[in-house]
Amino acid sequence: MKDKLEQIKNKALKMLEGAKDLNFLQTIETNLLGRKGELTNLLKQVKDLPNDQKPIVGKMANEVKNEIVDIIKNKIVELSQADKISSTPLDMTWPGEPAEIGHLHPITQFQRKIEDIFLSMGFEILEGREIETPKYNFDLLNIPKNHPARDMWDTFYLEKGLVLRTHTSPMQLRAMETRKPPVRLLVPGRTFRHEATDASHETTFHQYEGLVIDENISVRNLLSTLESFFQTLFGKEVKIKANGSYFPFTEPSLEVSMSCLICHGEGCSVCKKTGWLEMLGAGMVHPKVLKNMGVDPEKYSGFAFGGGIERLMMLYHGIDDIRLSYKGDLNYLEQF
Ligand code: DAH
């Protein structure tokens with residue numbers, strides 16, 4: 001009887017393996033496990049065996065039965081899936097599932113808006129590196145070691161004395177290594193500072209840096225360029241003004257402000273009742289820096305400026321917390 005069981009099992013396994021459709025599977029199942037099935041008949045005979053044989057053969061017969069039932073179940077699932085796929089009509093013209101596509105981050109979108117305006121004024125757009133050497137971040141910009149002005153750009157120092165750049169200004173010098181005046185350059189990019197964060201300060205932010213060098217460049221050129229930029233971005237009614245300031249790499253140095261977009265100069269909480277919003281630092285490129293660029297300060301002069309992209313974007317869209325842009329919060333991001 002044991003041999004017979006073994007025989008039935010082997011035959012069943014072979015047939016099941018080759019089963020290609022559900023009808024055939026059904027036939028195999030009936031022949032084996034149906035009321036008059038081969039295995040059913042065998043199981044019925046177990047009761048006639050001698051007492052000491054009954055439990056052993058009975059157990060074995062049940063194991064074979066369970067194994068076959070499991071295989072049949074799996075085969076049914078497998079074949080019915082294959083059946084479904086092959087019986088679904090394939091219409092190649094049917095529109096596909098719409099893919100969920102994201103979009104550029106609001107800061108990138110806004111950076112491109114700035115780039116477009118400067119491109120239209122004949123500027124070349126350049127990108128710099130986020131990890132800088134102190135030589136480019138400070139020294140060549142006339143900020144010597146141990147000079148208190150370095151405190152204005154407290155930064156994150158990395159291994160091997162490298163720094164996360166604190167401003168986009170180092171690119172002024174890198175760009176001039178491969179260029180000669182006249183140049184008009186705009187360098188947007190990510191910058192880093194050792195800051196305590198709040199609604200208007202982040203350790204990571206973006207700047208846009210401008211550099212124009214040619215013969216007879218004056219403060220007037222600087223101011224008219226910036227005025228055109230702000231007017232194109234915000235609309236014709238914007239005015240700008242410049243106050244004296246200090247940067248080691250410019251002489252004279254200026255702080256450029258724009259008339260308040262909210263109150264148009266009357267005074268409100270956004271402009272702290274002054275009617276003006278400070279927008280960026282700027283100035284005429286210091287003769288020492290021109291020399292570091294290999295440019296003759298007797299023949300050429302230039303202006304430079306640098307401002308925060310987030311600050312501009314927040315005013316443009318009416319956003320009141322810079323940290324929103326770095327949270328990855330979809331409720332915020334999906335509004336752009
Ligand atoms: N790099 C300065 C800063 O991050 C901003 C700046 C001021 C850039 C004057 C300039 C400039 O190019 O001329 O605070």
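Analyst: Helices here are DSSP runs of H or I with at least four residues, numbered from the N terminus. The model is a predicted one.

Start with its length and its end. After the helix comes Gly-122, which has a positive phi, near 85°.

Next, burial. Residues count as buried when their relative accessible area is under 20%. In α5 the buried residues are Pro-106, Ile-107, Phe-110, Gln-111, Ile-114, Glu-115, Ile-117 and Phe-118.

One partner of α5 is another helix. Two packed helices are described by the angle between their axes and by the distance between those axes. On the α5 side, the contact involves Pro-106, Ile-107, Phe-110, Gln-111, Lys-113 and Ile-114. On the α10 side, Ile-309, Glu-310, Leu-312, Met-313, Tyr-316 and His-317 take part. Sorted by class, this contact has 8 nonpolar, 2 polar and 2 charged residues.

Helix α10 has its own buried residues: Ile-309, Glu-310, Leu-312, Met-313, Met-314 and Leu-315. A glycine with positive phi follows α10 too: this is Gly-318, with phi near 70°.

A pair of aromatic rings is described by the distance of the centres and the angle of the planes. The count of aromatic pairs in the model is 11. In one of them, the ring centres of Phe-118 and Phe-305 lie 5.6 Å apart and the planes meet at 25°; planes under 30 degrees apart count as stacked, so this pair is stacked. The pair joins distant parts of the chain, since Phe-118 is in helix α5 and Phe-305 is in strand β9 (residues 301–308), 187 residues apart. Both Phe-118 and Phe-305 are buried.

Phe-305 also pairs with Tyr-208. Here the centres are 6.4 Å apart and the planes stand at 65°, so the pair is edge-to-face. This pair, too, links distant parts of the chain: Tyr-208 belongs to strand β5 (residues 204–214) and Phe-305 to strand β9, 97 residues apart. Tyr-208 has a relative accessible area of 0% and is buried. For Phe-305 the relative accessible area is 1%, so Phe-305 is buried as well.

These residues belong to a wider group. Phe-118, Phe-123, Tyr-208, Phe-229, Phe-230, Phe-303 and Phe-305 form one aromatic cluster.

Put together, α5 meets α10 through residues that include Pro-106 and Ile-114, while Phe-118 of α5 pairs with Phe-305 of strand β9.

Terms used:
Residues are numbered from 1 along each chain as its sequence is written. This is a predicted model: local features need pLDDT of at least 70, side-chain atom pairs count only at pLDDT 80 or more; totals for chains, interfaces and linings use all residues. Side-chain values use heavy atoms; hydrogens and water are left out. Contact means heavy atoms within 4.5 Å. Helices (H or I, at least four residues) and strands (E, at least two) are DSSP runs, numbered from the N terminus. Ala, Val, Leu, Ile, Met, Phe, Trp, Tyr, Cys and Pro count as nonpolar, Asp, Glu, Lys and Arg as charged, and the others, Gly among them, as polar. Buried means under 20% relative accessible area, exposed over 50%, partly exposed in between (1.4 Å probe, protein chains only). Rings of Phe, Tyr and Trp (its six-membered ring) pair if their centres lie within 6.5 Å; planes under 30 degrees apart count as stacked, over 60 as edge-to-face and the rest as tilted.
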